[in-house]
Amino acid sequence: MSENVPIIRLERISKSYQEGVDAIDNLSLEINKGEFVFVVGPSGSGKSTLIKLLLKEIEPTSGQIYLRGKSIASLRRRQISKYRREIGVVFQNFKLLNDRNVFENVALAQRVIGVSKWNMNRNVASILSLVGLTEKILSNPSELSGGEQQRVALARALVNRPSILLADEPTGNLDPKNAHAMMDLLDDVNKLGTTVMVVTHNPDVVDEMKKRVIVMQDGKVLSDKVEGGYEYERY
C-alpha cells in the first residue's frame, strides 16, 4: 500500500434507516495507516453506525468505503470474512464466553480462521504476555476483575494481528485506574503499528492522550483536530 493512500477512507457516506432517521449524513473521512484516532460525540451522533459500516454489518445508503484504496462495496460473503480479519474489535461489555477460560476465549479467534494448534498456542501466549495476563491463562472470566476481562477482550481482538483496531467505549465499564491502564495498552498497540480508532464518551481519556479527535454530531463531522491544544464540548 502506498503511504499516500489512507488505510480507511469514507467518501460521502450516508446511512438512513427505515424509520427515516439519517444516522450518517454525507460524511467523508480519512484515517492513515498507524494513526490513533478518537471519535466522540453525543448519543445519536452516528458513532455506532460508523463502526457498523466499517465492519460491513450494515451497508451505506450512498457513498463508498475504501480499505487501502479498494472499495468494500462489492465484497462477497467469503471476502467479507477475510476483510473482517483486518479489523479487531473491543466492546464495552467485553463479550467473553463465561464457560471458557482465558486461553480458550482468545484462541477462539484463531480457531475460526483455522490456525494450527502449535501456532495457536504460541500466538495466544504471546498476545496474553503483551496485555499482562500470562498468569491468568487458565482462569475463567468470572475470576477476573473488570480491567482483566477487558484485557482478555483486547487480546482476543489482537491475536489475529489485525491492521486496524476498533475500540467501542473500551473504558466504559472500568474505574479510572483501569481505564488509564487500558488506554496505555492501546497506545502500546498503536506504537507497534496497528491503526487504532477509539469511540468514547470519556473526555478525561481524550484530554490525557493528546491524539487526533473527530467530533461527530447529527451524523456529520463537527470538528477534526490533532494532538492536543484542542477544545471540544464534553459529552
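What volume does the second largest pocket have? The second largest pocket has a volume of about 310 Å³. The model is predicted.

## The chain as a whole

The chain holds seven helices and ten strands. Its radius of gyration is 18 Å, close to the 18 Å that the globule rule gives for 235 residues, so the chain is as compact as a globular protein of that length. Along the principal axes, the C-alpha atoms fill a box of roughly 45 × 40 × 40 Å.

Of the 235 residues, 48% are buried. Now take the contacts between residues at least 6 apart in sequence. Of these, 68% join residues at least 24 apart.

## The largest pocket

The largest pocket has a volume of about 620 Å³. Its lining counts 20 residues, and the closest to the pocket centre are Ile87, Val89, Ala109, Arg156 and Asn160.

Which element gives the most to the lining of the largest pocket? That is α3, with four residues. By residue type, the lining of the largest pocket divides into eleven nonpolar, four polar and five charged residues.

## The second largest pocket

Back to the pocket of about 310 Å³. Its lining is made of Leu67, Arg68, Lys70, Ser71, Ile72, Ser74, Leu75, Gln79, Lys82, Tyr83, Arg85 and Glu86. Here β5 (70-71) and α2 are the elements that give two or more residues. The largest share, three residues, comes from α2.

This lining divides into four nonpolar, three polar and five charged residues.

## Helix α1

Is helix α1 largely enclosed or left open? Six of the eight residues of α1 (residues 47-54) are buried, so the helix is largely enclosed by the rest of the structure. The buried residues are Lys47, Thr49, Leu50, Ile51, Leu53 and Leu54. Buried here means under 20% relative accessible area. Just after α1, Lys56 takes a positive phi of about 55°.

Ser16 sits in strand β1 (residues 8-16). Its relative accessibility is 31%, so Ser16 counts as partly exposed. Leave aside neighbours within four places in sequence, and Ser16 is in contact with Val21, Asp22 and Thr61. With Asp22 there is also a polar contact: the two side chains are joined at 2.5 Å. Ser62 lies 46 residues from Ser16 along the chain, and their C-alpha atoms are separated by 9.1 Å.

Thr195 belongs to strand β8 (residues 195-199). Is Thr195 buried or exposed? Thr195 has a relative accessible area of 1%, so this residue is buried. Not counting residues up to four places away in sequence, Thr195 touches Ile7, Ile31, Asn32, Lys33, Gly34, Glu35, Ser163, Ile164, Leu165 and Asn190.

Definitions and conventions. Residues numbered from 1 in each chain as written. Predicted model: local features only at pLDDT ≥ 70, side-chain atom pairs only at ≥ 80, totals over all residues. Heavy atoms only, no water. 1 Å grid on protein atoms, 1.4 Å probe; cavity = no way out; pocket = protein on both sides within 12 Å on 5 of 7 lines; lining within 4 Å. Points joined across faces, edges and corners; volume = space filled by probe spheres on them. Nonpolar A, V, L, I, M, F, W, Y, C, P; charged D, E, K, R; others polar. Buried < 20%, exposed > 50% of the residue type's maximum accessible area, 1.4 Å probe, protein only. Contact = heavy atoms within 4.5 Å. Polar contact = N/O pair within 3.5 Å; in protein donor to acceptor, adjacent residues only side chain to side chain. Rg over C-alpha atoms; globule rule 2.2 N^0.38 Å.
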